[in-house]
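Have the viewer open while you read.

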Number of protein chains: 10
Amino acid sequence: MAQTQLTVTLLAAKRNLGLSFADLGEMLGVDEVWVASLIYGQATASEQEAKALLEALGLDKNDNSIEMSCELMAFPVKGGLDPVIPTDPLLYRFYEIMQVYGMPLKDVIQEKFGDGIMSAIDFSLTVNRLEDSNGDRVVVTMNGKFLPYRKW
Amino acid sequence: MAQTQLTVTLLAAKRNLGLSFADLGEMLGVDEVWVASLIYGQATASEQEAKALLEALGLDKNDNSIEMSCELMAFPVKGGLDPVIPTDPLLYRFYEIMQVYGMPLKDVIQEKFGDGIMSAIDFSLTVNRLEDSNGDRVVVTMNGKFLPYRKW
Amino acid sequence: MAQTQLTVTLLAAKRNLGLSFADLGEMLGVDEVWVASLIYGQATASEQEAKALLEALGLDKNDNSIEMSCELMAFPVKGGLDPVIPTDPLLYRFYEIMQVYGMPLKDVIQEKFGDGIMSAIDFSLTVNRLEDSNGDRVVVTMNGKFLPYRKW
Amino acid sequence: MAQTQLTVTLLAAKRNLGLSFADLGEMLGVDEVWVASLIYGQATASEQEAKALLEALGLDKNDNSIEMSCELMAFPVKGGLDPVIPTDPLLYRFYEIMQVYGMPLKDVIQEKFGDGIMSAIDFSLTVNRLEDSNGDRVVVTMNGKFLPYRKW
Amino acid sequence: MAQTQLTVTLLAAKRNLGLSFADLGEMLGVDEVWVASLIYGQATASEQEAKALLEALGLDKNDNSIEMSCELMAFPVKGGLDPVIPTDPLLYRFYEIMQVYGMPLKDVIQEKFGDGIMSAIDFSLTVNRLEDSNGDRVVVTMNGKFLPYRKW
Amino acid sequence: MAQTQLTVTLLAAKRNLGLSFADLGEMLGVDEVWVASLIYGQATASEQEAKALLEALGLDKNDNSIEMSCELMAFPVKGGLDPVIPTDPLLYRFYEIMQVYGMPLKDVIQEKFGDGIMSAIDFSLTVNRLEDSNGDRVVVTMNGKFLPYRKW
Amino acid sequence: MAQTQLTVTLLAAKRNLGLSFADLGEMLGVDEVWVASLIYGQATASEQEAKALLEALGLDKNDNSIEMSCELMAFPVKGGLDPVIPTDPLLYRFYEIMQVYGMPLKDVIQEKFGDGIMSAIDFSLTVNRLEDSNGDRVVVTMNGKFLPYRKW
Amino acid sequence: MAQTQLTVTLLAAKRNLGLSFADLGEMLGVDEVWVASLIYGQATASEQEAKALLEALGLDKNDNSIEMSCELMAFPVKGGLDPVIPTDPLLYRFYEIMQVYGMPLKDVIQEKFGDGIMSAIDFSLTVNRLEDSNGDRVVVTMNGKFLPYRKW
Amino acid sequence: MAQTQLTVTLLAAKRNLGLSFADLGEMLGVDEVWVASLIYGQATASEQEAKALLEALGLDKNDNSIEMSCELMAFPVKGGLDPVIPTDPLLYRFYEIMQVYGMPLKDVIQEKFGDGIMSAIDFSLTVNRLEDSNGDRVVVTMNGKFLPYRKW
Amino acid sequence: MAQTQLTVTLLAAKRNLGLSFADLGEMLGVDEVWVASLIYGQATASEQEAKALLEALGLDKNDNSIEMSCELMAFPVKGGLDPVIPTDPLLYRFYEIMQVYGMPLKDVIQEKFGDGIMSAIDFSLTVNRLEDSNGDRVVVTMNGKFLPYRKW
């Protein structure tokens, strides 16, 4: 996922201001993962969200703030990890989880819900830190609407 | 993931007895996803777990119950979805989630924890049904130990 | 998409009885494409649909009619064309259409609807023959619910 | 599909003028999807269509309007989505539809028409919005001449 | 392209009778390449062609001559060379020709005909031997209808 | 096949002068397809051919005409379509022809000539337009020396 | 390269008789590499060579000696290493040699011969053992006719 | 194998001076193929070889002759043909040779030497022209130390 | 790496006798990893090693002990993990190590040794368990002869 | 693994100062392989390590030393060898080792430790030179914590 110029600019501003994604999420009233996905060009901002983000990052007075705003409000071509199966170890683990637990996950979901899928569109994703004396734990929660197959 | 003969046998027995993965999980004292991963040849049973599973499925008196028990207790070659990026829509959505939200997820995890990964080994995965008047929701929770990179 | 034994059996019975997919669709009260997708192991029948299909094909008295019925009612692993991009010319044309018209299609849909997708789950697909003096035309209609991206 | 400089210029002019593809289609007397495919470098304009498009976008007085006109009238190398199977969710759904419904679609078309294909050249593609109280629906209609295999 | 049982049977009968593809083509009133494509499961016979082929090969009295006839008259899933780019040197050369001369060929065709393609459906392919004192030459002639892109 | 700067320059000069490949072929005394392959960097010119081509295109007085001449006379790295199996519909059809008719073609050639191949080096390729009341036809003729396998 | 039944049979007979490829080559009057390529289904025997090979291996009295003879005389589909770039270390080294020395080899050959290739058809390949006090050496000699590109 | 700036510079100087690889090899006291592999960034020069090469090419007085010398003496990342299986016909033939003669070659080498490989490191590669009245022949000789597998 | 029948037989005998690879290694006087590689068909036994292994596993009196012995002494086609980059988590980690530490490893080795490689043929691989109060550690030691590039 | 500008700068400074990775490792109090992985953008420095590295390389007074320091302390996207299976012979050997010894390694590790993996995160990698009269040897030691699979 080659970073666009906009992503580079936004991440640099965030670093210079010492803001976390959680800080930005709070300022915009959205989750930290969603604001990160907006910065990475994977989501579409409303006009108000684009304005809020640029203000939060001190970029609203920039010469090209209008272009930046437009780009944040556009409908991005999503995805594009390169290579398709990433070699970064953190990212790869999620692919490995599907290799190992994919079929069990499918069977359990469909046993509970019937023939259909978990939506990746009507969907949210959050990350929490769970303290644990044996080493803290990452808790990733995916929450998607169940979509049953339509018959016709 | 071509099913081994053992997986086919176990799934058929489960279907004939009308047992759910949740039922089997309760009988073995484990989560439904884990017991499904055992049936799919992705996990290793203790001797007691192998015995309990075969009993639960009425297969403990079979001629080849010892071989089945051995296979459940072996260390499987894991993974093996074919094709590597699955075409089944339920499975594919989890790949799509990584394409779209992978980089944001990486950044948020590492901002919270530092350089390292969520373990896929010291890890659990659960599925819940969340009732919702706009359509019930699938909630998938991944819980893995954070492993910081060692320096040397 | 290697045909399962069930698909082979159903298609042979259909051929022997001289029934079209349209005939079968009418008997089950569903569209001809959906009944074809059921026969190809890509959809899940209700108990009544499974019964009706086996009766229509004269297979309801077979020794293994119960197993066939079970398989029709199971939740299939979908997809699996081999190779992933098919070499059959009729199938390939639909891939070519996406190569050529994919980005225009994306832009027009999102201009009309906003950031989101056409569902392939809450979805139907029909085929019509349009008579034309210069050669009859195939009309394929895809009808899927628009799913807007959720923010969180 | 890396956008050429021309595509970038045309899309920017369209955005600045607040024109939709439907507006442009009306001005040129063509469908909105076709004009989008022209802008994306996937179709060939007549001299008159090239002129009309540049005028509609206020680019006909530009220094390089002749070069732009030439490029619109050239015979493009078509296709080129990267990766070949796109990761953008809207685009991917059309690939998934072929994975799931491809073989049924093939059989129904050939049962209706005989051995041959739906042309992707003598072809049109339109998008409509169908209002629906459960959520509006995207209707994509593909209309291609049936081409029977020639024997020799 | 794994050979089906039918292809194996037909080729064995042809070899045992010492018939060439040219002989069979003459018996059926078709070109030798087309009859070879029928034997390889890449074309669809009329009832009369199926009968003529089985007679020519002395298979019309076989127990399963009806099944063979049905299979010859079905609409095959075409293609399927494995690997997709063949390693057989004779076959590979045609891929190499496209690598080297593909773009020149495209430009010359479109300069002569406009934006469109040579049909591979309304198409014939013949092979001739050209005697030459420096070594005889293979002459492969492809003849396909030009299909101009439709605008809409 | 990314175009080199030389290819871009030559094609632009050709377009500006309104010359066809046939015109250039006539000026150089070679076939139009061969001259196109030279322009696309897939063939090697003699000194005289390089000179004639640059003159024909009005480029022989350019500052870098010597470099251009050298590049036309070099031994190019050939091939390089990207992706290897092209998505452009005109080019793809030739791949499809090999998928469908490859094995029949192989068998007919070897039945006529024995074990060996059609050379793609001692080879020529021509394009003709065949008028036809049902739509003109593209005739592509490949003519390559038969090379029998050597035994040793 | 999955071994055919014939290859398995021939190699087993060779092993049982304690014959080397060099022995077989001498008996047939051909090189050891060529006879190995015949046994591996990569070359075509004359009737006399097929007979000599079966006799040498004591298989000429077998029930299916005629079928074996036919198969040795057929025109095989050549190639088919799986995976295409082999993982066997001996085989891989030849791929590595091309990765490292391919471009230098191309330039040196074309500097000596002009634009063209070394034929892999009018070609022979031999293996010799060169004694060396620092460890004996494998000498592989490839000898192919130079084929200059034809212009037309 | 994208050429580095150094390779481009060295090849241009060689062409301008009208030197062959054989000339350069003689000047450095090495084989022409090895000097070509050095120029292509696939081998490491000693300080003396780097100096000799730059002198031979008239580049030893250049401003950046020290950087060029350093780069020639560095340990290159080797390989990198793109695509991995090259489409250039001269290069491809060597891949084809391995597809067709790879298994026979493996068997003959191991029959002569035992379990092990021909080294591609303790290795040399030479090209000779063999005059032949039927057309001169390219003779490529590979000479590598046999490395037996170690047991432990 | 599909297991051959021989591998399946040897592993079953080992399991039934309750022998570890370390036990077998001790009986044959070789390392446990090497004996495992022999059982997996990746190494060649001497006659004495083959005999010792079959005796150790109680298989030396079997009907097909001679065939098993022959197969153990043959020169295997090595490699063949499927898919090439394995999805099994234990195996994948070694690929990940090369993705992350490959270039640093290359540079450190070549800084210490010069241009060349670590042999994978004159090579040994051992596994040790290192007790550690924070969790025992796996220590994998690779020991290969340094092979310097030959110049010629 | 395309080198970032920072990697290029650091490697150039190291070369100009004539420092080895071992020198740098000693200066920072870390292993030479780890400091190389930091320079290649595969590890994260503490503030103190970043400062020490820039000082050691004489880059701490540079204009952009703060940016360099920030980049060294960031959480890199790891991996990214291109192609995924490298063609460089030194790197490839480690892939070959896994092809040949992967399954034996897996079995020996799991026999010693149970179902789990060697961590590639809580992990170190060292390189030693072992003098040997038959040629010095490269000894690569991998040391990773064993992680047992969690059940839940």
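What follows covers aromatic pairs and then a cavity.

This is a predicted model, where local features need pLDDT of at least 70 and side-chain atom pairs count only at pLDDT 80 or more, while totals for chains, interfaces and linings use all residues. Residues are numbered from 1 along each chain as its sequence is written, chains are lettered from A and ligands numbered from 1 in the order written, and side-chain values use heavy atoms, leaving out hydrogens and water.

Let's start with the rings. Rings of Phe, Tyr and Trp (its six-membered ring) pair if their centres lie within 6.5 Å; planes under 30 degrees apart are stacked, over 60 edge-to-face, and the rest tilted. That gives 41 aromatic pairs over all chains. Here are two of them:

| Pair | Centre to centre | Angle between planes | Type |
|---|---|---|---|
| B:Trp152 and I:Tyr101 | 5.5 Å | 70° | edge-to-face |
| H:Phe113 and H:Phe146 | 4.8 Å | 25° | stacked |

The H:Phe113 and H:Phe146 pair links distant parts of chain H, 33 residues apart. H:Phe113 counts as buried (under 20% relative accessible area; exposed is over 50%, partly exposed in between; 1.4 Å probe, protein chains only), at 11%, and H:Phe146 is buried at 9%. B:Trp152 and I:Tyr101 are both buried too.

The largest cavity holds about 50 Å³. Its lining consists of E:Phe94, E:Tyr95, E:Met98, E:Met142, F:Phe94, F:Tyr95, F:Met98 and F:Met142. A cavity here is a set of points on a 1 Å grid over the protein atoms alone where a 1.4 Å probe fits but cannot get out, and lining residues have an atom within 4 Å of a point.

Key. On a 1 Å grid over the protein atoms alone, a cavity is a set of points where a 1.4 Å probe fits but cannot get out, and a pocket is an open set with protein on both sides within 12 Å along at least five of seven lines; lining residues have an atom within 4 Å of a point. Grid points are joined across faces, edges and corners, and a volume is the space filled by probe spheres set on the points. Helices (H or I, at least four residues) and strands (E, at least two) are DSSP runs, numbered from the N terminus.
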